[in-house]
Amino acid sequence: MMNRFVARSLMQGLIGGCEQSRRGISTMREHQSVGALGGFYWTRTMSSVAPGPTTTTVAEKKEKEGEAKKTDETAVVSSYWGVSRPKIKREDGTDWPWNCFMPWESYKADLSIDLKKHHVPKVFLDKVAYRTVKLLRIPTDVFFRRRYGCRAMMLETVAAVPGMVGGMLLHLRSLRKFQHSGGWIKALLEEAENERMHLMTMVELVKPKWYERLLVLTVQGVFFNAYFIAYLLSPKLAHRITGYLEEEAIHSYTEYLKDITSGAIENVQAPAIAIDYWKLPKDATLEDVITVIRADEAHHRDVNHFAADIHFQGKELKDSPAPVGYH
């Protein structure tokens, strides 16, 4: 009887101790203490047991790494403002790879344009514009000679300036005078963007050296400010200068094509950005790229000589509809 009582007491003690231990691990104990100022405050303590190490198989690790990589590739920069670009597809259903231009901004160049048009300088300002451009060509010929890839790169850094300057000044004029521009702001900015895409294409073909980059900085800084002042003083002179610059560009690209045809310059595969921008065939070559760029320059020639003619007739650009979309 005595042995049974002792055994029962021992079992109850063990069971009670285990239950108390479990409660200490899984529950919070609240202690009421008296504060220094006579008030009461509560302190809570909670015990926890650190989880033991888990084992992960090699397959699970690879799967997690693949998911992380996929997330990184498809990640969109998060924005408080909720701004994000929708997914854009090509006509064949593949993802559109470019952020610098969209599919609806690509086009097929008009190769039927007359490349031999020339504005004969007659009045004084025309002669000033023509002589200025011929003077600018001298250092270019000396420095680049027949390195037409580098020459084209330099040319495009300059050719993209007039449209931006003209569009900016027309924009400010429109704001000051509370009047429409006749579409010329958009037309000139389109020209600047088109010239910039020429440069982005040429950079894929020709990697500029450090001294060529330095030359670009110098030429662009000087030309931008000079053209800005010229446009403020005489828009018709500025547009006529640009028209003659485009004529020189046509000549340079024609010589470029001659060297490609003769084999002096390798007719390499066209860059992917050029294929998408001008809607060229997948097997397009450098010759195709230079051909469409030359056609663009011919269109810019016509637009700027046309703008100069409007001013020479004593009218403003807003009086004549702009050739928007005329590459």
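A residue counts as buried when its relative accessible area is under 20%, as exposed when that area is over 50%, and as partly exposed in between (1.4 Å probe, protein chains only). The close-ups below show a predicted model, in which local features need a pLDDT of at least 70 and side-chain atom pairs count only at pLDDT 80 or more, while totals for chains, interfaces and linings use all residues. Residues are numbered from 1 along each chain as its sequence is written, and side-chain values use heavy atoms, with hydrogens and water left out.

**Overview. The chain is built from nine helices and two strands.** Helices (H or I, at least four residues) and strands (E, at least two) are taken as DSSP runs and numbered from the N terminus. Followed along the sequence, these elements give the pattern α-β-β-α-α-α-α-α-α-α-α. Of the 327 residues in the chain, 36% are buried.

**Close-up of helix packing. Helix α4 (residues 148-177) packs against helix α5 (residues 184-205) with the two axes 8 Å apart.** The angle between α4 and α5 is about 160°, where axes are lines fitted to C-alpha atoms, for helices over the stretch in contact, and angles run from 0 to 180 degrees between N-to-C directions. Angles under 35 degrees count as roughly parallel, over 145 as roughly antiparallel, 65 to 115 as roughly perpendicular and the rest as oblique. The helices α4 and α5 are therefore roughly antiparallel to each other, and α4 passes α5 in a left-handed crossing. The axes of α4 and α6 come within 9 Å and cross at roughly 30°, which makes α4 roughly parallel to α6. The crossing of α4 and α6 is right-handed, and the terms mean that the near helix is turned from the far one by less than a right angle, anticlockwise for left-handed and clockwise for right-handed.

Arginine 147 and glutamate 212 form a salt bridge, with their closest N and O atoms 3.3 Å apart. The pair links distant parts of the chain, since arginine 147 sits in the loop between α3 (124-144) and α4 while glutamate 212 belongs to helix α6, 65 residues apart. A salt bridge here is a side-chain nitrogen of Lys or Arg within 4 Å of a carboxyl oxygen of Asp or Glu, and by this rule the count comes to 14 salt bridges. Arginine 147 is partly exposed, at 34% relative accessible area, whereas glutamate 212 has 0% and counts as buried.

Arginine 173 and glutamate 316 are joined by a salt bridge, their closest N and O atoms lying 3.1 Å apart. Arginine 173 lies in helix α4 and glutamate 316 in the segment after α9 (286-312), so the pair ties together parts that are 143 residues apart in sequence. Both partners are partly exposed, arginine 173 with a relative accessible area of 27% and glutamate 316 with one of 28%.

The side chains of glutamate 193 and arginine 196 meet in a salt bridge of 2.8 Å, N to O. Both residues lie in helix α5, three residues apart, which is about one turn of the helix. Glutamate 193 counts as partly exposed at 30% relative accessibility, and arginine 196 is also partly exposed, at 29%. Elsewhere, salt bridges that share partners join Lys134, Arg137, Asp141, Arg151 and Glu248 into one network.

**Close-up of a nonpolar patch. Phe143, Trp210, Tyr211, Leu214 and Leu217 make a nonpolar surface patch of about 580 Å².** Patches are made of residues with over 30% relative accessible area and no salt bridge, joined within 9 Å for like charges and within 5 Å for nonpolar side chains (Val, Leu, Ile, Met, Phe, Trp, Tyr), and accessible areas come from the Shrake-Rupley method with a 1.4 Å probe, only the protein chains shown counting as cover for residues. Helix α6 (residues 210-233) gives the largest share of the patch, four residues. Leucine 217 lies in helix α6 and is exposed, with a relative accessible area of 60%.

Phenylalanine 178 is not a glycine, yet has a positive phi of about 55°. Most residues other than glycine have a negative phi. Phenylalanine 178 is placed in the loop between α4 and α5 and counts as exposed, at 78% relative accessibility. Lysine 279, another residue other than glycine, has a positive phi near 55°. Lysine 279 lies in the loop between α8 (272-277) and α9 and counts as partly exposed at 41% relative accessibility.
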